[in-house]
Amino acid sequence: MDCNIILPGGPSVTVHRGWRVPRTRGNVRDRRGPSGQGQIGVFSARQTPSASSVSQPLVSAPEQRQFEFVNSSEPGGRTDPQVTTRVRTHIRNENARNRKNVPKRVAPLRRLVPDEIPSPTEASTGPLVSNNNTLQPNVHDGYVAPSILPNIGHPTALSTYVYPVEMRARTHALLSQYLTYTPSRIYPLELCLESNPMRSPEWFQYAVQDAATLHSMLYVGAMYMALYEGKTETRDTAFHLSSAASIVNRRLGASGDSVTDCTIGAVSCLALGEATIGNENVWRLHMLGIKQMMQLRTDMNPPSLLLRAKLQRSDVTGAIDFGAAPLLPFVRSSSQPTWAILPPASIASISMTMNTLLTRCGLNPLLKANMIKLANFSYTISYATTTNIRLNPSNFTEDLYQLEYDFLCFPTLLTPGSTDIAVDRACRTGALLYLKAILQEFPHSSVGSSILLDQLKDSLNSISPLELNNLLVLWLALVGASSSAAGERRSWFVRYLTILKGVMGLDTFGNGDLGSSGFLELQSIFGHSFISLWDEVLLEQILSSA
């Protein structure tokens, strides 16, 4: 029985099963094995067997162990199962020994750039990675980071960029993973957008040009990974947090130093990281510090679109998680709202239908105007998914954060003498939950929607039973139930929906749109979490009547 072996140098070797490859390099000649048959012939890939040179040397190979019981076996087809098991065991052990003895490659060190803080912990995290090497998936401690998508900044940016910090294998792996997965989670609706801002060369240059900004971004990335592992702190989060904070404090403490946009952006990343793990006091501290730094900027030009979006996100995201009011003023640009792309007839229909429904529900005029904007915004997303029209990402982000900002700030906008009634409180809380579900931001913070759900539950519980025959109240209860995971909160909303079903004489929840208007529907947003509600309500009705 013969088999062909392709050696690394290119020649094809035909080897009889009963023969062993010579240990040393030398001329190839006919040999006879223990069984008295078989030969080795070496042929070039571009030659015929008759034209091959018998003196062509074999490529050197590591010495292989020999097993007498294998070498003494005659060639054949079927063998004893016990012999096959022993052969496989020896081969597996041999492969394990060979892998163990393979020497590890150590990449050359790269020069430290000034303004970098030496790592107290990364000395044991592996060798430094040279920026001159071709970008490959990074391997560290058995973890293989995914390859970078080619449209994130310049295709070779990660391998050729001169970073302002010391980049080790672990740091490269974290940056690689962050840039691969975060853009699609920060902008999950990117298929509806003209482009993803986090995949642009401008964003990449902004993110990695400054030591504090890069450390703070890596801190947020490490925090995302930690949350998925059920943690709130890891070695990476501690290192990048301390590094970013040290650089920022040194800059702010230096006399005569002005506050740059990069420093402000770094602090906004730190604030976002604290918000995701539920540190409300530290988040407030960072946001108030940003407010002071914005007043100390020597550059009188308005902040860039990237910085403005970053500040709005850190402010609004934290405020939503903690059910608090934003701490920074919201400055709206002069651009048209996202729903300006809708046909005028659609905008007029949405405004008229929503105005009639919400007026009948007794909603505050300010909240009514915001709910009409929310309906236009939600319908625009559906419109973009069914057409070839793509939304401007800057306008989309600005509209999203302004809607959230306006709902959060509603209590502060009440006129003297007016009160924040239960329906109004429930409406703004339910609208925030709806927006949070549309965005599907990455990551879901450790607090999640728990505070908003508790506020919605308290507001609905305060509504008089005489006011329960209300289409808005039904929609808000459906939002609360769909936003809740299995547990006590969802059970409370299911019981509340059971009461509404009896009061309103419902025979279905439909697709969850407000008052069967076709707007603000829930099925496409929440999926199975909404679809299963009707069966849960029917089961609750049966159990309560038993």
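**Figure 1. Helices α11 and α12 lie oblique to each other in this predicted model**. The axes of α11 (residues 344-360) and α12 (residues 365-385) are 9 Å apart and form an angle of about 140°. Angles over 145 degrees would count as roughly antiparallel, and the pair is therefore described as oblique. The crossing of α11 past α12 is right-handed.

**Figure 2. Residues at the contact of α11 with α12**.

**Figure 3. Packing of helices α8 and α9**. Helix α8 spans residues 261-276 and helix α9 spans residues 280-296; their axes are 8 Å apart, at an angle of about 160°. The two helices are therefore roughly antiparallel. Here α8 passes α9 in a left-handed crossing.

**Figure 4. Residues at the contact of α8 with α9**. Helix α8 contributes Thr-263, Ile-264, Val-267, Ser-268, Leu-270, Ala-271, Glu-274 and Ala-275. Their partners in α9 are Val-282, Trp-283, His-286, Met-287, Ile-290, Met-293 and Met-294. This contact comprises eleven nonpolar residues, three polar residues and one charged residue.

**Figure 5. The chain as the setting of these views**. The chain contains 20 helices and five strands. Of its 546 residues, 46% count as buried.

Notes: Residues are numbered from 1 along each chain as its sequence is written. This is a predicted model: local features need pLDDT of at least 70, side-chain atom pairs count only at pLDDT 80 or more; totals for chains, interfaces and linings use all residues. Side-chain values use heavy atoms; hydrogens and water are left out. Helices (H or I, at least four residues) and strands (E, at least two) are DSSP runs, numbered from the N terminus. Buried means under 20% relative accessible area, exposed over 50%, partly exposed in between (1.4 Å probe, protein chains only). Axes are lines fitted to C-alpha atoms, for helices over the stretch in contact, and angles run from 0 to 180 degrees between N-to-C directions. Angles under 35 degrees count as roughly parallel, over 145 as roughly antiparallel, 65 to 115 as roughly perpendicular and the rest as oblique. A crossing is left-handed if the near helix is turned anticlockwise from the far one by less than a right angle, and right-handed if clockwise. Contact means heavy atoms within 4.5 Å. Ala, Val, Leu, Ile, Met, Phe, Trp, Tyr, Cys and Pro count as nonpolar, Asp, Glu, Lys and Arg as charged, and the others, Gly among them, as polar.
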